[in-house]
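Here's a quick tour of the pockets, the surface and the charge pairs in this one. Have the viewer open as you read.

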Amino acid sequence: MSDVARTTEVAAVDSPASVKPKARTRSARPMIDRYRWYEILGLYAGIALFLFFVLAPFIEGFLVSLKPLAQLFSTPYSFIPRNGSFDAYFTMWQTVEGLGRYIFNSLFISAVVTLAVILIVVPAAYAFARFSFSGAGLMLGGFLAVNMFSGAVLLIPLYRLLRSLGLLNSYWSMIVPGIAFLIPSSIWLLRTYMLRIPRELDEAAWADGASRLYTLRRVILPLAMPGIVVVAIMTFIGAYAQQFIFALTFNSRQEFMPLPVGLFAFFGRQEVLWNELMAASFAGILPVMIVIVFLQRYLVAGLTAGAVKQ
């Protein structure tokens, strides 16, 4: 066979026309379409039941804030308020004159704790995610051990420590313990997120002459921002929740009291102003809810990171 004929035969074999088209596969249907109608109904019923138990306390608390105080103890009890109004949201400021100060203190303490925790946790999580050094596993295990202790167990040692440092009866008496208790879990959470960022990005930055600090600031931080936002939100909520026990133990000055302690003013000797108490509670958590709404997309991206195998 001549070279021309052989070349023509090879070209005919390798030509696109000689390649058989692949069988067209059916497009995959969404996972929810693979269930039968009664399975879908049961799925949504389970979700609705779960949401009911989660949201029921908030719904009931909001309805209580709309009811007159005399209607709260009427029989038979009615969940839907009769002649409901928002009067409690206005009268609560006269009942507790320092309520605005209490809300400000809670937001200020939580914001300072969150900022301090983020400044400490970001480089610490990067170090645990990127460097291999002796004692790293022991230190991470120690962080978990710290979280196993309740804050009430360490109140006396913390009191003696804060008294020796002269931090009692100030904002720092609630800020310092809050930072100490929230750093361990934040390091674990952010370290897990940073482990997903490829090391090749660090190596590429080093090849271009970037330092470790520059790599962290300009390469890692933008990619880790969803995880940082999740840590910040969790820290803010944790700092908001821990203020009660720390304020009662380490602070006796009224001007530094946070909202959880200030809500005690609605508990009178003769009766409890439940409608104003619920209204003050919702007024206190409203700023947190607004922040979460604006950062929702970062929160969802951070919480779902690693849920899909890549």
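The largest pocket is lined by 13 residues, and F58, I237, Y240, I285 and V288 are the ones that lie nearest its centre. Helix 9 (212–241), helix 11 (259–262) and helix 12 (274–294) are the elements that each give two or more residues to that lining. Helix 12 supplies the largest share, with 6 residues. Keep in mind that this is a predicted model.

How does the lining of the largest pocket split by class? It has 12 nonpolar residues, 1 polar residue and no charged ones.

Next up is the second largest pocket, with a lining that includes L107, T114, V229, F236, V288 and L295. Here the elements giving two or more residues are helix 4 (99–130), helix 9 and helix 12.

| Pocket | Volume | Lining by class |
|---|---|---|
| Largest pocket | about 540 Å³ | 12 nonpolar, 1 polar, no charged |
| Second largest pocket | about 190 Å³ | 10 nonpolar, 1 polar, no charged |

Now for the outside. L43, Y44, I47, F50, L51, V54, L55, F58 and I59 make up a nonpolar surface patch, with about 870 Å² of accessible area together. With a relative accessible area of 40%, I47 is partly exposed.

Which charged side chains pair up? Side chains of opposite charge can pair when their charged atoms come close. A search of the whole structure turns up 2 salt bridges. One of them joins the side chains of R130 and D202, at 3.2 Å from N to O. R130 sits in helix 4 and D202 in helix 8 (residues 199–207), so this pair ties together parts that are 72 residues apart in sequence.

R253 counts as partly exposed, at 39% relative accessibility, and E255 is partly exposed at 33%.

Terms used
Residues are numbered from 1 along each chain as its sequence is written. This is a predicted model: local features need pLDDT of at least 70, side-chain atom pairs count only at pLDDT 80 or more; totals for chains, interfaces and linings use all residues. Side-chain values use heavy atoms; hydrogens and water are left out. On a 1 Å grid over the protein atoms alone, a cavity is a set of points where a 1.4 Å probe fits but cannot get out, and a pocket is an open set with protein on both sides within 12 Å along at least five of seven lines; lining residues have an atom within 4 Å of a point. Grid points are joined across faces, edges and corners, and a volume is the space filled by probe spheres set on the points. Helices (H or I, at least four residues) and strands (E, at least two) are DSSP runs, numbered from the N terminus. Ala, Val, Leu, Ile, Met, Phe, Trp, Tyr, Cys and Pro count as nonpolar, Asp, Glu, Lys and Arg as charged, and the others, Gly among them, as polar. Patches are made of residues with over 30% relative accessible area and no salt bridge: like charges are joined within 9 Å, nonpolar side chains (Val, Leu, Ile, Met, Phe, Trp, Tyr) within 5 Å. Accessible areas come from the Shrake-Rupley method with a 1.4 Å probe; for residues, only the protein chains shown count as cover. A salt bridge is a side-chain nitrogen of Lys or Arg within 4 Å of a carboxyl oxygen of Asp or Glu. Buried means under 20% relative accessible area, exposed over 50%, partly exposed in between (1.4 Å probe, protein chains only).
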